[in-house]
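Work through the exercises below with the model open. Each task is followed by a solution in steps.

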Amino acid sequence: MIELEGVPELIDPVMVAAFEGWNDAGDAASTAVGHLDREWKGEVFAALDAEDYYDFQVNRPTVFLENGVRKITWPTTRLSVVRVGGDKPRDLVLVRGIEPSMRWRSFCNELLGFAHELGVEMVVILGALLGDTPHTRPVPVSGVTSDPDLARTMDLEETRYEGPTGIVGILQEACTHAGVPAVSLWAAVPHYVSQPPNPKATLALLNRLEDLIGLRIPLGELPEDARAWQLGVDQLAAEDSEVAEYVQTLEEARDTAELPEASGEAIAREFERYLRRREPGTGPGPGVATEGGDSPFLRDPGSGRTRPPKPEQPGPESVPGAEAAPEAETEPEPEAGADADAPDGGSVPDGGATGENPPGENPPGEDPSGEDPDASGPDDDSGK
């Protein structure tokens with residue numbers, strides 16, 4: 001029995017979750033939830049027992065000094081609540097942690113227990129994957145669900161992905177079986193510049209979340225960080241002719257693929273977001289995901305800079321290196337001529353601070369045909 005003391009009755013609560021590790025390329029998803037917690041001053045009301053779900057040789061505790069006293073921080077998943085005021089108040093339950101090492105079903109059941117006790121109406125899980133997408137274009141964000149009715153009413157994709165999955169996919173399915181509406185939002189991060197942070201991808205996730213739940217999210221310095229990030233990647237790419245040529249190929253493929261859809265619903269969504277941010281007392285205009293912020297790195301074996309493989313036959317329907325991907329329970333729309341779930345597996349640096357390979361990305365040097373990720377990915381007993 002979960003007992004929640006000191007948590008006020010929530011108004012139309014939505015649970016927003018993100019997990020570091022395999023599902024978090026560029027730390028984009030976990031940074032987005034951290035941003036919400038910071039901007040809205042979330043109050044932590046619960047933390048899952050680290051002993052139940054984490055292998056401390058994989059996710060090690062950290063030691064720090066506080067007033068000369070040594071203390072330990074254990075890897076875990078924490079829940080906080082934020083009260084969002086305004087004309088249409090709506091509260092959020094934020095879940096932020098690390099992908100568990102074991103007992104995934106118990107982990108999801110415990111989170112669903114909190115959702116039930118708090119009266120959560122919908123669960124939104126954020127994720128980020130590596131893909132063949134250029135850093136100079138808007139970050140593709142796919143919204144998917146396992147619920148056909150929810151897909152129709154909220155204009156989402158109904159996932160048909162088959163293959164290895166991470167905690168994002170497991171939690172979404174657990175919500176579906178429990179009768180809790182659940183949506184996953186996935187941002188595609190350029191595989192040739194995958195090191196965290198990626199504020200442009202974080203910004204894109206927050207913009208898409210804002211559209212989904214109908215709340216104006218304060219963006220703070222994220223738009224400026226995104227612009228600085230894109231400028232930094234532009235400068236580094238300009239120093240290497242092969243990288244510049246590869247980026248141009250991705251741009252051409254992306255522009256050709258999206259040309260028929262560069263109108264209608266996408267434009268209407270951007271205009272609605274603009275109007276929402278122009279309402280009295282809502283602050284400055286929108287920080288859209290097309291604006292690119294922070295220090296990226298492109299590495300190769302000799303100089304520390306990655307040189308993506310030169311495509312043989314670039315085109316809007318065949319981006320080099322695209323293969324079936326091991327995650328995301330999503331099956332997003334093809335972007336830049338390649339499936340966002342199917343990035344090039346042979347040229348990708350580690351996608352997160354933990355060194356794990358995010359969904360949609362195969363471990364370097366291994367067959368990108370959908371095999372299980374390397375040891376830094378989810379364990380066999382993780383409930384894939």
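**Exercise 1. Salt bridges**

Task: Classify Arg83 as buried, partly exposed or exposed, then find its salt-bridge partner.

Solution. Step 1: Arg83 has a relative accessible area of 42% and is therefore partly exposed; buried means under 20%, exposed over 50%, and partly exposed in between, with a 1.4 Å probe and protein chains only. Step 2: a salt bridge is a side-chain nitrogen of Lys or Arg within 4 Å of a carboxyl oxygen of Asp or Glu. Arg83 forms one with Asp91, and their closest N and O atoms are 2.9 Å apart. Step 3: Asp91 is buried, at 1% relative accessible area.

This is a predicted model, in which local features need pLDDT of at least 70, side-chain atom pairs count only at pLDDT 80 or more, and totals for chains, interfaces and linings use all residues. Residues are numbered from 1 along each chain as its sequence is written, and side-chain values use heavy atoms, with hydrogens and water left out.

Task: Which residue pairs with Lys71 in a salt bridge, and how many salt bridges does the count come to?

Solution. Step 1: Lys71 meets the side chain of Glu66, with 2.7 Å from N to O. Step 2: Lys71 is partly exposed at 35%, and Glu66 is partly exposed at 36%. Step 3: the count comes to nine salt bridges. Another of them joins Glu158 and Arg160, with the closest N and O atoms 3.9 Å apart.

**Exercise 2. Helix 3**

Solution. Step 1: helices (H or I, at least four residues) and strands (E, at least two) are DSSP runs, numbered from the N terminus.

Task: Which residues of helix 3 are buried, and which exposed residues lie on the face turned away from them?

Solution. Step 1: the buried residues are Trp104, Phe107, Cys108, Leu111, Leu112, Phe114, Ala115 and Leu118. Step 2: they cover an arc of only 155° around the axis, so they sit on the same side of helix 3; the arc is that of the directions from the helix axis to the C-beta atoms. Step 3: the face turned away carries the exposed residues Arg105, Asn109 and His116. Step 4: the cover over the buried residues includes strand 1 (14-20), strand 6 (92-98) and helix 5 (167-177).

**Exercise 3. Leu118**

Task: Is Leu118 buried or exposed, and what is it in contact with beyond its neighbours within four places in sequence?

Solution. Step 1: Leu118 lies in helix 3 (residues 104-118). Step 2: its relative accessible area is 11%, so Leu118 is buried. Step 3: contact means heavy atoms within 4.5 Å. With those neighbours left aside, Leu118 is in contact with Leu4, Val7, Leu10, Pro13, Phe45 and Val93. Step 4: Val93 is 25 residues from Leu118 along the chain, and their C-alpha atoms are separated by 8.6 Å. Step 5: just after helix 3, Gly119 takes a positive phi of about 70°.
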